[in-house]
Amino acid sequence: MTELIYEQPLNERIRSYLRLEYLSQQIENNLQQDHQHRCFYPLFSLCDLTDRCDYRNDLLKEIEKQLFMLAKWQQLPHANAPQIEVFVSQLTSAKEALQTPNRIGSCLKQDRFLNALRQRFGMPGACCNFDLPQLHFWLAKPWPQRQMEYRAWVDHFSPLLEPVNLLLSLIRSTGEFQDTQACGGFYQGDSAQPLSLIRVKLDANQGCYPTISGHKNRFAIHFVQFQEQRHSDKTIEFKLATCP
């Protein structure tokens, strides 16, 4: 086994970003390899999330905030100017892509094939060919053709997913992992500045996993032994990163 990274968002904004990032990763996996009907689950999850919430205004505000911070970092004597320029260019492009009149993903509502599938995918065993003969037909197409069609569908969400991935990368870069101990399987920390994300790197050979709770200025980590499914009483060595 190897080191695993566990993350805990400390506000709703980061919680939403992490969910979108997870779906983005699932979609990328489905673009690289043929997963048959399973490719539709992350796509329809994205449709549901964007139906409930228009993330554009929040993302535009966060991009402006990060551009302001990067401008301040550029003035520091030991700043990595080329890397900052890359981030500024990427954020500026993402900002332009978000400034569209149409709601992200809304045009997929006009796709009759996707709508028929989406209505039934929540039912147990709904992908049988007698329930969805159109899906049976689509899955019989050659993989390169299905891959191209799938990419065309998910590209509608690129203006949302690309800035989310970029912003999370920036947020993670603000906190470096530090060697830490949890005596009796428990660790508590606090911060003078508001935090948005807690990251724990843990060797899976220790046989436990962290459960993390907290808010912007204080957090707690309990380590749970996987086999016994109970709180560990051991001293756990781990690495901790706190991201503002």
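**Strands, cores and a pocket**

In strand S6, Ile-221 is the bridge partner of Ile-212. This pairing belongs to a predicted model, in which strand S5 covers residues 208-215 and strand S6 covers residues 218-225. The two strands run antiparallel and are joined over eight bridges. Two residues lie between S5 and S6, and together the strands form a hairpin.

The largest nonpolar core comprises 49 residues, and Phe-40, Leu-43 and Trp-153 have the most contacts inside it. Among the elements that give two or more residues to this core are helix H1 (12-32), helix H2 (40-52), helix H4 (81-98) and helix H7 (143-154). The greatest contribution to this core comes from H8, with eight residues.

Trp-153 deserves a separate look. Leaving aside residues up to four places away in sequence, Trp-153 touches Phe-40, Leu-43, Leu-108, Asp-111, Phe-113, Leu-114 and Trp-138.

The open space remains to be described. Rolling a probe the size of a water molecule over the atoms shows where empty space is left. The largest pocket holds about 250 Å³ of space. Its lining consists of 16 residues, and Glu-62, Lys-65, Gln-66, Ser-196 and Pro-244 lie nearest the centre of the pocket. Helix H3 (56-73) and helix H8 (158-173) are the elements that give two or more residues to this lining, and H3 gives the most, with five.

Definitions and conventions: Residues numbered from 1 in each chain as written. Predicted model: local features only at pLDDT ≥ 70, side-chain atom pairs only at ≥ 80, totals over all residues. Heavy atoms only, no water. 1 Å grid on protein atoms, 1.4 Å probe; cavity = no way out; pocket = protein on both sides within 12 Å on 5 of 7 lines; lining within 4 Å. Points joined across faces, edges and corners; volume = space filled by probe spheres on them. Helix = DSSP H or I, 4+ residues; strand = E, 2+ residues; numbered from the N terminus. Pairing = 2+ DSSP bridges. Core = buried A, V, L, I, M, F, W, Y, C linked by side-chain atoms within 4.5 Å. Buried < 20%, exposed > 50% of the residue type's maximum accessible area, 1.4 Å probe, protein only. Contact = heavy atoms within 4.5 Å.
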